[in-house]
Amino acid sequence: MVEMNVAQLSGEPDRGKTCFVASPIGPDNSEIRKRSDLILEHVIAETVQPMGYTVNRADQLAVAGSITTQIMSHVVSADIAIFDLTGNNANVFYELAIRHAANKPYIQISDGSPLPFDVTVYRTIPLDYQDLESVAQAKRTLQEMVLAYEQGALVETPLTNVPDVPTLLGSGDLIGSQLSTVINLVMSLHGDMRGVSYQHTIDIEDVPVLQRFIQAYANSGEVPVENRTVLENALRSPHLKEWAQGLPIENVSPAVDSGQG
């Protein structure tokens, strides 16, 4: 029996949950910096750190190398990303767009100032950091949204249905080809997809996870229950997680009675 763990399926070491914060930072000792620091410490960190998340912001990245590359890496890879849209900072909106393209869980907060049309339709947590009741409510809402994502809530962005998977698979691009191959292999492994629709969200990071899993079980349509759980935990897309829950469990043949007393 093949035994696998989440790290083997994901191709990376086990790590804790991460939260990246994108906000207007401003120069040292500026009012913008003071506001961002207060929100980071007393709203975001106080809410998500007890939930098991490590919190990072662009100015806190200490690794040598290109700061832009590091920021983009965190924007794409973090389990949760929080965007403070106050002041319509161009960098924050650029990073939000990257997160939209990655189709990963994100949360918007703002001081209530007008926002561009493209993001106003998505839930934004109002926050007046000088109003204690507003801060308390923002923390409660932030916790609720993080929990909802952890429980598989669908990520909704302007790109959720553009393009949908059929369009992507017919586009001839590399990602479409990879997804087509993986989905076809998964359907061969387990023909009954339980009616799950994949036209909303397929996380690109799930592609190598599925490839490794399929390679391990290429000759079997049944999966040990512990490995089914490992696969479910390694996947990011809630639709694929649901599919993984329905994989058939490996049948274990009973020992043959030798007839010897």
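Asn103 sits in the loop between helix H4 (90-102) and strand S4 (106-110). In this predicted model, Asn103 has a positive phi of about 60°, even though it isn't a glycine. Asn29 also has a positive phi, about 70°.

**Two asparagines in loops**

- Asn103 counts as buried, because its relative accessibility is 13% and the cut-off for buried is under 20%.
- Asn29 is in the loop between strand S1 (17-22) and helix H2 (31-48).
- Asn29 counts as exposed, with a relative accessibility of 68%.

- Lys17 and Glu150 pair up through their side chains, with 2.9 Å from N to O.
- Lys17 is in strand S1 and Glu150 is in helix H6 (residues 132-150), so this pair ties together parts that are 133 residues apart in sequence.
- Lys17 is partly exposed at 30% relative accessibility, and Glu150 is partly exposed at 38%.
- Asp84 makes a salt bridge with Arg35, and their closest N and O atoms are 2.7 Å apart.
- Asp84 belongs to strand S3 (residues 80-84) and Arg35 to helix H2, so here the parts tied together are 49 residues apart in sequence.
- Asp84 is buried, with a relative accessible area of 3%, and Arg35 is buried too, at 11%.

- Glu31 and Lys34 form a salt bridge, with 3.7 Å between the closest N and O atoms.
- Both residues lie in helix H2, three residues apart, which is about one turn of the helix.
- Glu31 is exposed at 56% relative accessible area, while Lys34 is partly exposed at 42%.

Methods
Residues numbered from 1 in each chain as written. Predicted model: local features only at pLDDT ≥ 70, side-chain atom pairs only at ≥ 80, totals over all residues. Heavy atoms only, no water. Helix = DSSP H or I, 4+ residues; strand = E, 2+ residues; numbered from the N terminus. Buried < 20%, exposed > 50% of the residue type's maximum accessible area, 1.4 Å probe, protein only. Salt bridge = Lys/Arg side-chain N within 4 Å of Asp/Glu carboxyl O.
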